[in-house]
Protein chains: 4
Amino acid sequence: MKVGIIGLGYWGPNLVRNFASHPEVDLVYGCDLSDDRLALIKSRFPATELLKDYNELLKKDVDIIAIATPVDTHFKFAKMALDTGKHIWVEKPFTATSQEAQDLIELAEKKNLRIFVDHTFIYTGAVQKMRELVDSGEIGEIKYFDSVRVNLGLFQHDVNVIWDLAPHDLSIMNYLMPNSKVVAVAANGIANYYDHENVAHLSVYFEDNCFAHFHVNWTSPVKIRRMLVGGDKKMLVFDDMENFEKVKVYDAGVEMSSKEKIHEALVQYRMGDMHSPKVKSTEALSLGAAEFISAIHGNRDPLTCGKDGFDVVKILEASEKSIKNKGRLIEINQLEVV
Amino acid sequence: MKVGIIGLGYWGPNLVRNFASHPEVDLVYGCDLSDDRLALIKSRFPATELLKDYNELLKKDVDIIAIATPVDTHFKFAKMALDTGKHIWVEKPFTATSQEAQDLIELAEKKNLRIFVDHTFIYTGAVQKMRELVDSGEIGEIKYFDSVRVNLGLFQHDVNVIWDLAPHDLSIMNYLMPNSKVVAVAANGIANYYDHENVAHLSVYFEDNCFAHFHVNWTSPVKIRRMLVGGDKKMLVFDDMENFEKVKVYDAGVEMSSKEKIHEALVQYRMGDMHSPKVKSTEALSLGAAEFISAIHGNRDPLTCGKDGFDVVKILEASEKSIKNKGRLIEINQLEVV
Amino acid sequence: MKVGIIGLGYWGPNLVRNFASHPEVDLVYGCDLSDDRLALIKSRFPATELLKDYNELLKKDVDIIAIATPVDTHFKFAKMALDTGKHIWVEKPFTATSQEAQDLIELAEKKNLRIFVDHTFIYTGAVQKMRELVDSGEIGEIKYFDSVRVNLGLFQHDVNVIWDLAPHDLSIMNYLMPNSKVVAVAANGIANYYDHENVAHLSVYFEDNCFAHFHVNWTSPVKIRRMLVGGDKKMLVFDDMENFEKVKVYDAGVEMSSKEKIHEALVQYRMGDMHSPKVKSTEALSLGAAEFISAIHGNRDPLTCGKDGFDVVKILEASEKSIKNKGRLIEINQLEVV
Amino acid sequence: MKVGIIGLGYWGPNLVRNFASHPEVDLVYGCDLSDDRLALIKSRFPATELLKDYNELLKKDVDIIAIATPVDTHFKFAKMALDTGKHIWVEKPFTATSQEAQDLIELAEKKNLRIFVDHTFIYTGAVQKMRELVDSGEIGEIKYFDSVRVNLGLFQHDVNVIWDLAPHDLSIMNYLMPNSKVVAVAANGIANYYDHENVAHLSVYFEDNCFAHFHVNWTSPVKIRRMLVGGDKKMLVFDDMENFEKVKVYDAGVEMSSKEKIHEALVQYRMGDMHSPKVKSTEALSLGAAEFISAIHGNRDPLTCGKDGFDVVKILEASEKSIKNKGRLIEINQLEVV
């Protein structure tokens, strides 16, 4: 297999490295307008073939085009790739609008091509373990999902902090709760320094009795990456800043003896043992690359496909509308791709 | 001085102990309907005089009535105390409505009596140190205030988790930002078990370029009590779960070279040293009792007076309206007590 | 039952409170030379009867004498109590020499009286849970035991930091490894400020293939209280500074495929899940008091009896000899009380 | 400059990468007996020239020979390099015996060649910051030095855990206390699995009133890398497992009012603020390489020279003698290289 990668900035070199080391990949092409980036890739990965012109890349005999450019160019590059018969790998967030996402999904379907959206976290040992725990029924029904991702980080100039950081956590939420339907979102926050919010809070309402919240911040003095998942049987904590013991399962919960009368005695909590399962440490990106290549061979959607990208963009889009209106509730009524 | 305490449940015994050990307090009366609670107080504090009838207590020659009963009874008991010429100490939240708070403030003023609202955290070494740091100018202008107070805790049956837990953090916010005017709030959350929300998120908008957020949860498997205060010079972290080093000052921030063009180079962050000042560990409640007695002597408002209680209730009231409407923005236009 | 307590300094009030609240204890006597201490006890525990003269206390009809005085007075007070037919409760370390310990054990046996040595940690939920895990065979054979107990603490003027802090950890070691025989100790350290060592390291050798080490320090800027217990099946960590999750069980270990040839491939390590069992939080001292009363009724030795006190003193005594000789190995050949 | 590296196992590739990226290095040769290792280096660093025969490497026009082979081969390879006029870079520990170290130092001196011993930690931002703090006088006189380096790690088959892990910490100790003279050591520990100790404790005595201790363990379920440095003015903690705030300075200490009478009131402790200075995060190895090249140009010893390697080996050698004799005190009387 041959892979062409457009965009060799922050993330692109990781794509080069991981695709290059996949046993089925013979050749990796890199494409970027910057001579400096091309030179850097050449020095670190001398076997890579480099080009400046994306049209030239599309003329090559490549199977996969991986797109690691700014989000507002994803659609254009992805469409060109699909039009010339290539499978596409697109960095998160999938597209700048849900309409773009839908168009790409339809185009890929028509041409029988595969879309991989790079929700990398789905391939981490921690998230895989959490899904396993949820699937086993050990956690029970999820009552709330709470995520914090804050640090002192680079400001993006094209999008706000929700578009930059929340896709990671939204993709994890969707992965852990595949049957829960998001119905509306509300977002609050502030842009302290220029047009785009640097602090934001996103609330997500579901059809059933569940609620999710995402706290993202580019201007926190401390780095926190933590999720709480409250099940009605057990509760999960995923702390990605821990070197070890990233996932903890608490045998903790709330129990009601009866719903008729509401008084203190009826709502009780229970706190038991904690268990921290070992999680695999294989690099997520290499597992993602393997999954995509396997999906192409199997003529099936990969684990993180266009639809998953669409679902996240749908929420981001609504969050944008909400935050510009100080938290107005925005309904999400077309989550299903036709 | 003589002090009468009504409500000897969870918090009442702490009031008995702290008032009893104040050098100027000769006698402490305790009042509760429960024989068990009265017996407990008798065994632990044999010098306390105990009564079951609040009217009897009001007839005694007491200077201060301290009210530690459920919030919906605060107004009734407080008004009776003021009517009979007693200074009042009221547990947080001050009252069930802002109208009640306003009425009590006006009544106390008319009768030249003092109101102490027990925002205990204001008297902790940590909060005092944070105020000192803000006052000194070291933190700069506060850009955002973020608070998390979650654990697996007792459900209250009369109020939701915002009314139960957020008063602590709202009082700290108001204390650290005395000149910032709250203009609107939005609250989102969920009631997983019965009428009252057990998970909630409260966003607070200010007149100026600042934003605050409060995350409260009765159903978290882990206990977190942490505040981030983002100043434009330095940033504060207050972690109340730390045994030592509760307050940390980060020489961290964001700098913009120019506002004309928005591109990456213009928004930069800076991370320098961290400093954790020693904070005093005197029990906050004993300092609160001393402050109230001193305020009464000085014929002045205590540090946490009726107005401070009113300000917090005003936000709680608006949060209630907002959360019942899935985060609708509720304006707060009468924060000033006339 | 009636209990007399001699020594009402730092720890004495805890004894008063815990014995007083035991349902079978009718009356608690307190005895101390200091009027201030007597007055303090009177104000906090008005039901206590107070005396200044120990001889007067011994004349009272008490069943138990609890001794919470400096260690060099333990023997004298304990002997007087046994001589007058009282069961004795002695604070750790049991005695100033192993000979004293042996004499008291023999005297008690002769008079059919009980000795309780207050190795309080044995009664904590954490240590009980660890013993349970060891007894179940889950940990396997213990290969090493490592303990750290350091902080910035009060200097004792009569003993060094080993005598002050290590008894806690030595008693836990003995409790977790009841069948392992200590054969020799070596201690190193330094006395930076006056005669007694403020930093010390104690190595303990066993008859079998096991090793223990104790690090104690009065002059550490941070407070650490942690034990590692390396079993050949699983490993334990007990971190007493954690508010929750004090005990952790690691499914980790080392495996050798063969002992014939020693090369890298044969010694491998394994790291699996971690499990943190819930531990009970009942106050250890109240469980200790209950155990002693129950042992007296049952005419049996309590869980922490004179022999346990003797075993710890034997090691302390040897450590003293070793540290004065810069770590010279001191054999312990008479650990068995005849 | 041209650099030849012998030994391309675990650490060798890091040497290749760091020397290759130094601006003054034109060419890097790699030498190893294993075809697999040579192939790996070729794929990752295609510009490297590779050889299997060390004699061939020595014939090349290289300025520096870097030796990253097992410790018992250091002397042989180093001597051959010096004999052929090359400067040498040797991994820690410098040599297998102090005599070997001394011979190499003398040989290098005679031939006016430079020796760099790779005590990498000396070049970390954390250690540099600690030295700066000590040099400034802020810490005062160092009273004790305590180091813990434990984890579940690969067993070495040629040496015990002291030889494997302690050189890091011994080199830091020597660097922070350049004027303190080690006079004797005592080591205790156990070999649970085969000939070499997997748990060990090393005590170090100084000429003046100071003491150091090193705890190393290959079989700990948790990874701890922490140093306490007790000064008589302030105290340092270096926790290398922290992602941020690796170095903390505590304004804590012990004070004696008088040395004449020893009673409680005279030994008091003080705990004030804590400060965590920012430390540089440049890769230590690249700074080491730069230092060596600069030292060669300047015809001077590098920061971590043969003498530093000798001092560490001297302690390791004595520790071996001590641990085989259950902690017997071993004097170190020839620490000075003639």
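This is a short talk through a predicted model, going from one chain to the contacts between chains and then to a few single residues.

Hi everyone, and thanks for coming. Please keep in mind throughout that we are looking at a prediction.

Let's start with chain A. What secondary structure does chain A have? It has nine helices and 15 strands. Along the principal axes, its C-alpha atoms fill a box of roughly 70 × 45 × 45 Å. The radius of gyration of chain A is 21 Å, which agrees with the value near 20 Å that a compact globule of 338 residues would have. Buried residues account for 52% of those 338 residues. As for contacts between residues at least 6 apart in sequence, 67% of them in chain A join residues at least 24 apart.

Now, the domains. Chain A is divided in two, and each domain is made from two stretches of sequence: domain 1 takes 2-119 + 284-304, and domain 2 takes 122-280 + 315-331. How far apart are the C-alpha centres of domain 1 and domain 2 of chain A? They lie 29 Å apart. Where the domains of chain A touch, 13 residues of domain 1 are in contact with 10 residues of domain 2. Helix H8 of chain A, residues 284-298, gives the largest share of the domain 1 side, with three residues. By class, that side of domain 1 divides into six nonpolar, five polar and two charged residues.

Next, let's bring in chain B.

How do chains A and B sit relative to one another? A rotation of 180°, with 0.0 Å of shift along its axis, superposes chain A on chain B with an RMSD of 0.1 Å. The two copies are thus related as by a two-fold rotation axis. The same surface serves both copies, since 100% of the contact residues of chain A recur in chain B.

There is also a contact between chains C and A, with nine residues from chain C and nine residues from chain A. On the chain C side we find three nonpolar, three polar and three charged residues. Here too a rotation of 180° with 0.0 Å of shift along its axis superposes chain C on chain A, with an RMSD of 0.0 Å. Which residue of chain C has its C-alpha nearest the axis? That is C:His275, at 2.2 Å from the axis. And 100% of the interface residues of chain C are also interface residues in chain A, so the copies meet through the same surface.

Let's look inside. The largest nonpolar core has 212 residues, and those with the most contacts inside it are C:Ile5, C:Ile67, C:Leu236, D:Ile5, D:Ile67 and D:Leu236. Take C:Leu236: beyond its neighbours within four places in sequence, it is in contact with C:Met130, C:Leu133, C:Ile139, C:Val229, C:Val247 and C:Val249. Apart from that core lies another, of 210 residues, including A:Val182, A:Ala186, B:Cys31 and B:Ile190.

To finish, some backbone details you can find on the screen. A cis peptide bond joins A:Lys92 and A:Pro93, with omega about -10°. A:Pro93 sits in the loop between strand E5 (87-91) and helix H5 (98-110) of chain A. In chain D, the bond from D:Lys92 to D:Pro93 is cis as well, with omega near -15°.

Two asparagines are worth a look too. B:Asn299 has a positive phi, near 55°, and lies in the loop between helix H8 (284-298) and helix H9 (306-323) of chain B. Is B:Asn299 buried or exposed? It is exposed, with 8 other C-beta atoms within 10 Å. C:Asn112 has a phi near 55°, and is found in the loop between helix H5 (98-111) and strand E6 (115-118) of chain C. C:Asn112 also counts as exposed, because it has 9 C-beta neighbours inside 10 Å.

Technical notes: Residues numbered from 1 in each chain as written. Chains lettered and ligands numbered in written order. Predicted model: local features only at pLDDT ≥ 70, side-chain atom pairs only at ≥ 80, totals over all residues. Helix = DSSP H or I, 4+ residues; strand = E, 2+ residues; numbered from the N terminus. Rg over C-alpha atoms; globule rule 2.2 N^0.38 Å. Buried ≥ 20, exposed ≤ 12 C-beta atoms within 10 Å, placed from the backbone. Contact = placed C-beta atoms within 7 Å. Core = buried A, V, L, I, M, F, W, Y, C linked by C-beta atoms within 7 Å. Least-squares fit on C-alpha atoms with pLDDT ≥ 70 in both. Nonpolar A, V, L, I, M, F, W, Y, C, P; charged D, E, K, R; others polar. Domains from an automatic or database assignment.
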